[in-house]
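Please have the sequence and the model open while I talk.

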Amino acid sequence: MKTKAAVSLGVHRPFEIMELDLDGPGEGEVLIKNVAAGLCHSDLHLTDGDMPPRYPIVGGHEGSGIVEEVGPGVTKVKPGDHVVCSYIPNCGICRYCASGRSNLCDLGATILEGRFPDGSFKFHKDGVDYGSLCLLGSFAERSTVSQHSVVKIDDWLPLETAVLVGCGVPAGWGSAVYNNGLRAGDTAVIFGIGGLGINAVQGAVMAGARHIVAIDPVSFKRDTALKFGATHAFATAEEAHDAVREMTWGQMADGALIFVGTPDEKIIADAFAIIGKGGTVSLASLADPAKLTVHVSGMELTLMEKTIKGSLFGSSNPQYDIVRLLRLYDEGKLKLDELVTQRYRLEEVNQGYEDLRAGKNIRGVIIHDS
């Protein structure tokens, strides 16, 4: 079949809207009519060159939709089911899935290439194979994906809102609750209030943190963080550092979480400096893999037992936590509708990313034509 998609063709080139050929579902695969796709900063790494994939590739890794067709051997979903896609496929049987760390599933090995584990590609044009970012390609009106990449959700939930739990919400919320391990009475500092950082604020609130400090140079984002439960908001790490020292009586923060668009050595050093003894820095942002961005004092790391750790999908387990977060939303305990700043048509994808760069959006969402 034919489908319209937003495609990244190379570094420093905007997404291009084009019509592609799409393969139907094979063994263990599902055809999805995409309803919505989140505009996450990670897709910008395709065009900025910080996360070089195999080009050409269909963008979009935060998606929701309706199952239209299933291939042989599919047992998880059926046509008509409403689903949220997980940008980390999870097989359920590899070492990591079996030990409760399905965010590290071995099926994620080719997500940046957009090539399925069997070596196939689902999108094509004029004899050229087009990858699917994170094996999803949610910037297409329709996508063929693995059944291991979909999570069935309650069909009364709005797909335009549920899309957010495919990436930004669990990646931020889970970073606070799971990865950083915030507890009641802790002090948390969150660097970058975008689609992930704002949900780390929600996670810190739910964990019972006493002080939740948001750092962002954009006043609109600082104001939004305060509305979502942050207790303090600052434009710079330097301002926050002095305030955290005072509010903790010199003990400093228990946890720092990094969600800026592209982290550098200074951001990580600032986060390391703002935590106290036994504190943890959770790094969820992505940078050029060729650049070494973590440079801290090894003596301070040892003598103060500080920790710096990566956070992928917030250390959440997609099959469980996507449903769990939507249930919290359904019960009025998690804000999702308020996260969406602006909605766009697929043809406006580049405008959506210009707005993201300009700091206008907490989360922009593409709504596919019906």
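What you are looking at is a predicted model, in which local features need pLDDT of at least 70 and side-chain atom pairs count only at pLDDT 80 or more, while totals for chains, interfaces and linings use all residues. Residues are numbered from 1 along each chain as its sequence is written, and side-chain values use heavy atoms, with hydrogens and water left out.

Let me begin with the backbone. Most residues other than glycine have a negative phi, and most peptide bonds are trans. With that in mind, please look at F313, which lies in the loop between strand 16 (307-310) and helix 10 (318-330), and whose phi is positive, near 55°. L135, in the loop between strand 8 (128-132) and strand 9 (142-146), likewise has a positive phi, near 60°. Are these residues buried or exposed, taking buried as under 20% relative accessible area, exposed as over 50%, and partly exposed as in between, with a 1.4 Å probe and protein chains only? F313 is buried, with a relative accessible area of 1%, and L135 is buried as well, at 2%. There is also a cis peptide bond, between Y55 and P56, with omega about -5°; P56 is found in the loop between helix 1 (44-48) and strand 4 (57-58).

Now to the aromatic rings. Rings of Phe, Tyr and Trp (its six-membered ring) are paired if their centres lie within 6.5 Å, and planes under 30 degrees apart count as stacked, over 60 as edge-to-face and the rest as tilted. The count by this rule is five aromatic pairs. One of them is edge-to-face, formed by F15 and F139, with 5.6 Å from centre to centre and 80° between the planes. Because F15 is in the loop between strand 1 (2-8) and strand 2 (16-22), and F139 in the loop between strand 8 and strand 9, this pair ties together parts that are 124 residues apart in sequence. F15 also pairs with Y353, and since the centres are 5.9 Å apart and the planes at 25°, that pair is stacked. Here the link runs from the loop holding F15 to Y353 in helix 11 (residues 349-357), 338 residues apart. Both F15 and Y353 are buried, and ring pairs link F15, F139 and Y353 into a cluster.

The largest core has 81 residues, of which F139, L326 and L336 touch the most other members. Strand 3 (residues 29-39) gives the largest share of this core, six residues. A second, separate core of 22 residues includes V189, V260, I267 and A271.

The charged end of K122 is placed over the ring of F116, 4.7 Å from its centre, and that of K306 over the ring of F272, 4.6 Å from its centre.

Note on methods: Helices (H or I, at least four residues) and strands (E, at least two) are DSSP runs, numbered from the N terminus. A charge sits over a ring if NZ of Lys or CZ of Arg is within 6 Å of the ring centre and within 35 degrees of the ring normal. A nonpolar core is a set of buried Ala, Val, Leu, Ile, Met, Phe, Trp, Tyr and Cys residues joined through side-chain atoms within 4.5 Å.
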